[in-house]
Amino acid sequence: IFSGADINLNLHWSAFPAGTDPDGGYLNPRAFEIAALGAFQLVDRRPLCGRYFDLETEMAVFDDLADLREKIAYFRDHPDQRKNMAGRARARVLAEHTYRHRMKTLLDCAALA
């Protein structure tokens, strides 16, 4: 499904019924899964987005509903940019964010304990 969509909307759960929680401190696994597939995504801005992805070249984020609408319209009309960003995000995930990478980090931390 993700690979077949032009634009994947990746929303994080929010306790704020009027919108998203800009201070939510996590990035969901879906962000990495969509990227690993080489699919383009628009993500509600999270503090950790910029830690794991370049927000100019790998992942598109939005801040509110007006920004989301604007970016959907923009990226709908720029398929080459979507493709390039999705490809860069996929390369980043495969190089740095697979389960193998996470398991190595876990084992390294356990060895220090």
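**Sheet, salt bridges and a surface patch**

Reader: How many bridges join strand β2 to β3, and which way do they run?

Author: Strand β2, residues 41-44, is joined to β3 by three bridges, and the two run parallel. Strands here are DSSP runs of E with at least two residues, helices are runs of H or I with at least four, and both are numbered from the N terminus. Two strands count as paired if DSSP finds at least two bridges between them.

Reader: Before I go on, what kind of model is this, and how are residues numbered?

Author: This is a predicted model, in which local features need pLDDT of at least 70 and side-chain atom pairs count only at pLDDT 80 or more, while totals for chains, interfaces and linings use all residues. Residues are numbered from 1 along each chain as its sequence is written, and side-chain values use heavy atoms, with hydrogens and water left out.

Reader: Back to the strands, then: what is the order in the sheet?

Author: The sheet is open and has three strands in the order β1-β2-β3, with parallel pairing. Strands β1 (8-10) and β3 (60-62) are at the edges with a single partner strand each, so one side of each has no neighbour in the sheet. From one strand to the next, the twist averages 30 degrees.

Reader: Which residue stands opposite A60 in β3?

Author: That is L42.

Reader: And which helix packs on the sheet?

Author: Helix α3, residues 65-76, packs there and touches β1, β2 and β3 (contact means heavy atoms within 4.5 Å), and its direction makes about 150 degrees with that of β3. Such angles run from 0 to 180 degrees between N-to-C directions, with axes as lines fitted to C-alpha atoms, for helices over the stretch in contact.

Reader: Changing topic, how many salt bridges are found in the whole structure?

Author: A search of the whole structure gives eight, where a salt bridge is a side-chain nitrogen of Lys or Arg within 4 Å of a carboxyl oxygen of Asp or Glu.

Reader: What about K104 and D108, how far apart are N and O there?

Author: Their side chains meet in a salt bridge at 2.8 Å, N to O. K104 and D108 are four residues apart in helix α5, and that separates them by about one helical turn. K104 is exposed at 52% relative accessibility, whereas D108 is partly exposed at 39%; buried would be under 20%, exposed is over 50%, and partly exposed lies in between (1.4 Å probe, protein chains only).

Reader: Which residues are linked in a network of salt bridges?

Author: The network links E58, R92 and E96. Within it, the closest N and O atoms of E96 and R92 are 3.8 Å apart, and these two residues, four apart in helix α4 (residues 79-96), are separated by about one helical turn.

Reader: Last one: which residues make the nonpolar surface patch?

Author: M103, L106 and L107 make a nonpolar patch of about 310 Å². Patch residues have over 30% relative accessible area and no salt bridge, with nonpolar side chains (Val, Leu, Ile, Met, Phe, Trp, Tyr) joined within 5 Å and like charges within 9 Å; areas come from the Shrake-Rupley method with a 1.4 Å probe, and for residues only the protein chains shown count as cover. M103 lies in helix α5, residues 99-112, and counts as partly exposed at 44% relative accessibility.
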